Amino acid sequence: MNHTHKPASEGLRTRLFQIIFESDTPMAKGFDIALIIAILGSVLVIMLDSVPAYHAEYGSIFYWMEWGFTLTFTVELIVRLYCLEKPLIYLRSFYGIVDLLAILPTWLALVLPGSQSLVVIRLLRTLRIFRILRLMQFVGESRLLVDALKRSSHQIFLFLFTVCMLVTIFAAFVYLIEPEEAGFTSIPTAIYWAIVTLTTVGYGDIVPVTPLGQAISVMVMLIGYSIIAVPTGVFSAEVIRSIRADRYSDEACPGCGHDRHEQRAKYCLLCGTWLDEETPDPRLSEKEQEAWWREHGGDEKDNENNTPPTR
């Protein structure tokens with residue numbers, strides 16, 4: 001059962017809730033798969049309708065197909081809200097907002113022509129495939145990346161600020177050196193050139209013509225190659241740190257003081273000392289284990305499963 005949202009009441013609403021919000025029954029899985037197929041179909045219709053040749057020949061068919069998908073998704077959203085105990089909470093959630101945005105563009109097209117192209121936002125609804133295919137454990141991995149990005153945000157911001165300063169300085173120099181005929185008509189235009197050159201994209205629409213300007217271009221490109229790995233390295237270091245924090249324990253070994261053991265390790269990697277403070281070392285004799293339990297507040301131990309006595 002979904003722990004975030006609850007059905008409104010027993011009976012039909014509960015049954016609808018189990019089909020729509022869960023994926024542990026054949027009917028629920030079938031509903032989710034059919035929904036994803038409909039979402040992909042509606043996005044494909046919008047994409048094909050944007051091709052002039054297809055629009056001229058099949059425009060009316062695409063129009064009615066899009067309205068069919070929109071009415072289907074509208075009814076589906078109404079049923080979702082109907083079977084929930086607190087529908088407003090769902091509407092404020094990520095999936096609720098996406099579901100609402102998936103149907104609004106077509107309805108808005110009645111008063112704002114052209115807004116139906118925003119229907120491609122429906123593609124976000126295919127994120128439900130994570131729930132269908134039991135891939136929710138990957139959400140935890142994505143959280144690890146998000147946490148690493150948050151921790152490295154200050155370094156990345158400092159890096160971007162430095163890059164912006166360099167870009168502005170180089171752009172000002174080139175603006176003063178190059179003639180307007182070369183395309184450097186203003187400092188913002190020169191900044192655009194500097195960014196394109198620093199990222200080694202090189203569109204070629206604005207090119208320095210003086211030897212000094214070309215030398216600055218070479219310098220900017222070399223700097224771009226040199227610093228492009230800086231934010232990647234910072235972010236990678238934070239990801240590795242997060243992985244180590246999840247995998248390794250900071251508790252020191254009572255025997256040698258080593259503190260980089262895996263979370264599930266029972267013995268010290270260096271000296272072999274027993275690390276679990278909740279249970280005695282199984283290598284001890286029965287008398288030594290009984291003494292350990294008495295020392296830690298127990299009277300006796302369970303010889304079969306090596307668990308502390310019931311107190």
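Me: In which helix is Gln-18 found?

Reply: This is a predicted model, where local features need pLDDT of at least 70, side-chain atom pairs count only at pLDDT 80 or more, and totals for chains, interfaces and linings use all residues. Residues are numbered from 1 along each chain as its sequence is written, and side-chain values use heavy atoms, with hydrogens and water left out. Helices are DSSP runs of H or I, at least four residues, numbered from the N terminus. Gln-18 lies in residues 12–21, helix α1.

Me: What is the relative accessible area of Gln-18?

Reply: Buried means under 20% relative accessible area, exposed over 50%, and partly exposed in between (1.4 Å probe, protein chains only). Gln-18 is partly exposed, at 25%.

Me: How far apart in space are Gln-18 and Cys-83, C-alpha to C-alpha?

Reply: In sequence, 65 residues separate Gln-18 and Cys-83. In space, their C-alpha to C-alpha distance is 9.4 Å.

Me: Are the rings of Phe-69 and Phe-73 stacked or edge-to-face?

Reply: Rings of Phe, Tyr and Trp (its six-membered ring) pair if their centres lie within 6.5 Å; planes under 30 degrees apart count as stacked, over 60 as edge-to-face and the rest as tilted. The count comes to 4 aromatic pairs. The centres of Phe-69 and Phe-73 are 6.4 Å apart and their planes are at 20°, so this pair is stacked.

Me: Which pairing do the rings of Phe-184 and Trp-193 make, stacked or edge-to-face?

Reply: Both Phe-184 and Trp-193 are buried. Their ring centres are 5.6 Å apart with planes at 75°, so the pair is edge-to-face.

Note on methods:
Helices (H or I, at least four residues) and strands (E, at least two) are DSSP runs, numbered from the N terminus.
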